[in-house]
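Visitor: I am new to this structure and would like to learn how to read it. Please take me through it one feature at a time.

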Amino acid sequence: MRVATKGRYAVIAMVDLANFFASDQPSQTLASISSRQKVSLSYLEQLFAKLRHAGLVDSMRGPGGGYTLARNPKDISVGQIILAVDGIMPEQQDQQLACHALWDTLHHEMLGYMNSVSLFSLLDPETAKQIAAGVKSGKTQFEAVASTSLKKKAGKAVAKAPVLKKKAKPGPVVSSVFNWGSYLLKKKKTA
């Protein structure tokens, strides 16, 4: 099993992002991560698209926007990060080789170890203390302030805007045979 450069840079970027988890500004732009970690901005864009797709980071638009961790650093493992960007696959070995079991076992041991290492364990000690002490994450604080300001703006907009009719809720989007089967089973159980 190899951990490619993508996986290494993804872990470095996620540790950088996690160090801001409990700060006043948890949302970090890729440009700021790029300058601190000396990683190409376009390379980070590719990595964070995969990390966002895997549900490890959230993105926010607008002033003060950027990327934040989607979960507490204690709940994100190095294995999840590497799997999100590399899609770790065991080395292709000839099944006839007598030592195939050795390489297969080594692959599983390495993956198990990476899954046992949390992002939290790689943090700056001061940040780790704040998170362990239960400090409300900066992301939560940011979202609370943003939702309050949105409610104020929405309240003003509701007073001025005409009442809109609700649109019919669209049916489920079935993107694969497996989703279709799950949908049919759920439909059958509710009927």
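Guide: Start with a term. A polar contact is a pair of N or O atoms within 3.5 Å; within protein, one must be able to donate a hydrogen and the other to accept it, and residues adjacent in sequence count only if both atoms are side-chain atoms. In this structure, the side chains of Gln28 and Ser32 make such a contact, at 3.4 Å. The side chain of Ser40 makes another with the side chain of Ser42, at 3.1 Å.

Visitor: What kind of model is this, and how are residues numbered?

Guide: This is a predicted model, in which local features need pLDDT of at least 70, side-chain atom pairs count only at pLDDT 80 or more, and totals for chains, interfaces and linings use all residues. Residues are numbered from 1 along each chain as its sequence is written, and side-chain values use heavy atoms, with hydrogens and water left out.

Visitor: Which helices and strands does the chain have, and in what order?

Guide: Helices (H or I, at least four residues) and strands (E, at least two) are DSSP runs, numbered from the N terminus. Here there are eight helices and two strands. Their order from the N terminus is α-α-α-β-β-α-α-α-α-α.

Visitor: How much of the chain is buried?

Guide: Buried means under 20% relative accessible area, exposed over 50%, and partly exposed in between, with a 1.4 Å probe and protein chains only. Of the 191 residues in the chain, 29% are buried. Two loop residues show how the terms apply. Gln28 lies in the loop between α1 and α2 and is buried, at a relative accessible area of 7%. Ser40, in the loop between α2 and α3, counts as partly exposed because its relative accessibility is 41%.

Visitor: What does Gln28 touch?

Guide: Contact means heavy atoms within 4.5 Å. Not counting residues up to four places away in sequence, Gln28 touches Leu17, Phe20, Ile33, Arg36, Gly66 and Tyr67. For the chain as a whole, take the contacts between residues at least 6 apart in sequence: 68% of them join residues at least 24 apart.

Visitor: How do I read a helix, for example α3?

Guide: Begin with its span. The expected value is 1.5 Å times one less than the number of residues. Helix α3, residues 41-53, has 13 residues and reaches 18 Å from its first C-alpha to its last, close to the 18 Å expected. Just after α3, Gly55 takes a positive phi of about 80°.

Visitor: Which residues of α3 are buried, and which are exposed on the other side?

Guide: An α-helix has 3.6 residues a turn, so residues three or four places apart point the same way. In α3, the buried residues are Leu44, Leu47, Phe48 and Leu51. They cover an arc of only 100° around the axis, which puts them on the same side of α3; the arc is that of the directions from the helix axis to the C-beta atoms. Gln46 and His53 are exposed on the other side of α3.

Visitor: What covers the buried residues of α3?

Guide: The cover includes α1 (5-18), α2 (30-37), β1 (57-60), β2 (66-69) and α4. Two residues give the detail. Leu47, buried at a relative accessible area of 2%, touches Lys6, Tyr9, Ala10 and Val85, leaving out residues up to four places away in sequence. Leu44, with its neighbours within four places set aside, is in contact with Ala13, Leu30, Ile33, Ser34 and Val39.

Visitor: Which residues touch the most other members of the largest nonpolar core?

Guide: A nonpolar core is a set of buried Ala, Val, Leu, Ile, Met, Phe, Trp, Tyr and Cys residues joined through side-chain atoms within 4.5 Å. The largest one here has 28 residues, and Met14, Leu44, Phe48, Leu51, Leu69, Ile81 and Leu119 touch the most other members. The elements giving two or more residues to this core are α1, α2, α3, β2 and α4. Helix α1 gives the most, with seven residues.

Visitor: Where do the buried residues of α5 lie on the helix?

Guide: Helix α5, residues 100-116, has 17 residues and reaches 24 Å from its first C-alpha to its last, close to the 24 Å expected. His100, His107, Leu111 and Met114 are buried in α5. Seen down the axis, the buried residues of α5 fall within an arc of 65°, so they line one face of the helix. They pack against α4 (78-86). On the other side of α5, Leu102, Glu109, Tyr113 and Ser116 are exposed.
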